[in-house]
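User: I would like to learn how to read a two-chain model. Please take me through it feature by feature.

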Amino acid sequence: MTKKSMYFKMITSALIRRRSGMLVALLAVAIGATILSGLVTVYCDIPNQMRQEFRAYGANFILVSATGETLGRDATEAAVACIPASEIIGIAPYRYETVKINEQPFMAAGTDLAEAKKTSPYWFVSGEWPEEDGSVLIGQEVADVIRLPAGSAFTMTGTNPRGEAFSRDFRVSGIVQTGGTEEAFIFLSLADFAALMGDGGFDVVECSISAPQAELEAIAARVTESAEGVAPRLVTRVTRSEGAVLTKLQALVFLVTAVVLLLTMICVATTMMAVVTERRGEIGLKKALGAPDGSIVAEFLGEGLFLGCMGGILGVMLGFGFAQIIGVNVFGRAVHFQTALAPATVVASILVTGLACLIPVRSATEVDPAVVLRGE
Amino acid sequence: MIAFTVALGASLATAMLNVMLDVGDKVNRELKTYGANINVIPKEASLLDDLYGVSEGHGVSDRHLRESELGRLKTIFWAFNIVDFTPYLNAEARMSGLDADVRLVGTWFSHREALPTGETLDTGMRNMKSWWSIEGDWLSDGDADAAMVGALLAERAGLSVGDAVALESAGARRELTIKGIFEAGSAEDERVYVPLSVAQEMTGRPGLVSSVEVSALTTPDNELSRRAAQNPKSLSVKEWETWYCTAYVSAICYQIEEVLTDAVAKPIRQVAESEGTILKKTKLLMLLITILSLAGAALGISNLVTAGVMERSREIGLLKALGAGNAPVSWLILMEILITGAVGGAAGYFAGLGFAQIIGRTVFDAAINIKPMVIPLVAILVFLVILTGCVPSIRLLLSLRPAEVLHGR
């Protein structure tokens, strides 16, 4: 039997024979590794997840015309093509015209209502969002003035840009409250709007994009370059504030993670130390039989490394589950697996266990074997 | 060793629980960077003003709020939750060198308001428009002949910082120096801002304001507050009390309407609603992180306690060999570990307070409020964890035969 195979035999049988002690140690390492990988995964995923939540504030990027005319369909499409599709939450184009109800002037807005719901999730609609053609959303202000409850019908009249008079019946499907200017508008689907006013360009395109300020600025630069006649503008109130709050949140989770990790690692180390200290008798016996300090340290270190490796692997799997629980419960979305984190967790747990083994083994080897064996 | 680990676990629990219980309040304050969440306007004035730019006549400009009443905002039931408020007086003015009228806005920049309660409050637009980027300087309220103009307007009129412009409104003409050019990224970029007193003088409307923006700390909306927002009278007496005494945005609006004459307070849903969403998510996130790390710490500690008890098999064997009964032996060990745990827990509690303060100071620049309810929580937690760690291992050891244990097997 070579020296090497004997070494492995000693390590493996130590692990198998001393089941309860090793199980305690393995459990401790696994818990530490779970918390490490779980928290770090959550920390890495927070900006992404939170950014999605921040889109509740509505559009953070708008496209207007650079020339003072309306935005053509081609120019809009060219501009939208500059935005990475995976980051788009919603893109709602708007057209505005004045219309009359009971001979009183109101502002009508034509938009893609499904997209508007995505870009402005804060709209509070009493009633329903319009589903079919011929039904509209009206602002609270309008509803107050013309006294229309949800579900009632009314006639919209006016003249379109070509000078032709129109008169059409619509049904109020919901009343929208925002606390802002939107309350004075009547929202129609683009198809209805085109039927009244004829085809035409958009006045403004609201985009809700899940990206940080720097990236939005890059997108704006690309839009200016590739889409002629389109002026992109960042809604600074939303982008700046989002940046500020997000930085704070991330710092919070970072510090919490750091504190939890520090304490967990110390916890793991103390457990390992307790487990190794228990074996002082064994160390004494080996020394008495003539084992050099180096080989004893190497043996314990080998055990520690093995434990750290197993615990680390276990921890990576459990930790991902743990991060997934947080992701699903808090954000309702799955978190991404951080590939680089898996080896990092294993290495970290090996380091902590190795270090925690070394300290008690060192102190045990320094003592006279006779004293250790006597049990003092 | 056990005392040390318990101390670590307890400090972790203390820090996490304290941070978790306070995080809502802290994040709520951070979200104030999004600006006001309540807009107060005179009754019957409509948003037509914003839409069509008709501010003279037409039943719009003759409606005002009184500047002298604004201090009352800090006397409502939820006065403590009102963080900032800023009044605005809007008027149309003719600017030298431009054909079209521009919007002139008078406001407080950094105003010290004496409150009816005898305290003073520093408030104003500087606090509420943190996202504005300024070239030049913010105005101060004493600048009688200076103005701030929006970036788009400045570009259109070819103005830069230090230039002089003449503004004419309601017959009054005034020469103003441009002290700052701001970029707000919204309609404000087309406006001219002057101190409130200057605007009141120019438009001949002393002591009047057209609207007030209020920034308040609020609780996320729920079913009750939505119903109340529709019609507060539809609630039963008990529901009404709950609603009135909770910091819902609708309740704060209602209370503002009570103290200001002829005012309508409207929640700005874009801010109010979104704040609720983000706040809820952050709280839930912290709650889950706390629970999971506490579970981890608990497992770790009870693991160590088990190991600690197993180590003492010889002692237990000896005690039993000398004739001690199961119950006294268990009590002896349990009490010993509990005392160690209590000492460790107490030390850990104070260390945890330190950790919580470090987090608060670094992240929010504010101390974390220490909640007394954390003490019993941590105590119960430590007690339960030690118990779960001890009981199974003691039971196991008691079932062993003393002779075998003493023999060392």
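**Reading the two chains**

Analyst: Start with burial in chain B: 47% of its 409 residues are buried. A residue is buried if 20 or more other C-beta atoms lie within 10 Å of its own, exposed if 12 or fewer, and partly exposed in between, with C-beta atoms placed from the backbone. In chain A, 45% of the 376 residues count as buried. This is a predicted model, in which local features need pLDDT of at least 70 and side-chain atom pairs count only at pLDDT 80 or more, while totals for chains, interfaces and linings use all residues. Residues are numbered from 1 along each chain as its sequence is written, and chains are lettered from A and ligands numbered from 1 in the order in which they are written.

User: How is the overall spread of chain A judged, and what is its radius of gyration?

Analyst: The radius of gyration is taken over C-alpha atoms, and the globule rule is 2.2 Å times the number of residues to the power 0.38. Chain A has 12 helices and 10 strands. Its radius of gyration is 34 Å, well over the 21 Å from the globule rule for 376 residues, so chain A is more spread out than a compact globule. The C-alpha trace of chain A spans about 110 × 45 × 35 Å along its principal axes. Helices (H or I, at least four residues) and strands (E, at least two) are DSSP runs, numbered from the N terminus.

User: How many residues does each chain bring to the contact between them?

Analyst: Two residues are in contact if their C-beta atoms, placed from the backbone, lie within 7 Å. Chain B brings 58 residues and chain A brings 57 residues. On the side of chain B that touches chain A, α1 (2-30), α2 (48-52), β14 (263-267), α9 (269-310) and α11 (326-364) of chain B each supply at least two residues. Of these, α9(B) gives the most, with 24 residues. By class, that side of chain B has 30 nonpolar, 20 polar and eight charged residues. Ala, Val, Leu, Ile, Met, Phe, Trp, Tyr, Cys and Pro count as nonpolar, Asp, Glu, Lys and Arg as charged, and the others, Gly among them, as polar.

User: Now strands. Which way do the partners of β10(B) run?

Analyst: Two strands pair if DSSP finds at least two bridges between them. Strand β7 (residues 133-136) of chain B runs antiparallel to β10 (residues 172-183) of chain B, with four bridges. B:E135 has B:I181 as its bridge partner there. Strand β8 (residues 146-150) of chain B runs parallel to β10(B), with five bridges. In that pair, B:G150 stands opposite B:F182. Strand β9 (residues 164-169) of chain B is antiparallel to β10(B), joined by six bridges. B:A164 is bridged to B:T177 in β10(B). The hairpin of β9(B) and β10(B) has two residues between the strands, and B:A170 takes a positive phi near 50° in it.

User: Last, single residues. Is A:G327 buried or exposed?

Analyst: A:G327 is buried, because 21 other C-beta atoms lie within 10 Å. It lies in helix α10 (residues 293-331) of chain A. Leaving aside neighbours within four places in sequence, A:G327 is in contact with A:D45, A:Q49, A:R333, A:A334 and A:V335.

User: Where is B:I358, and how is it classed?

Analyst: B:I358 is in helix α11 of chain B. It has 15 C-beta neighbours inside 10 Å, so it counts as partly exposed.
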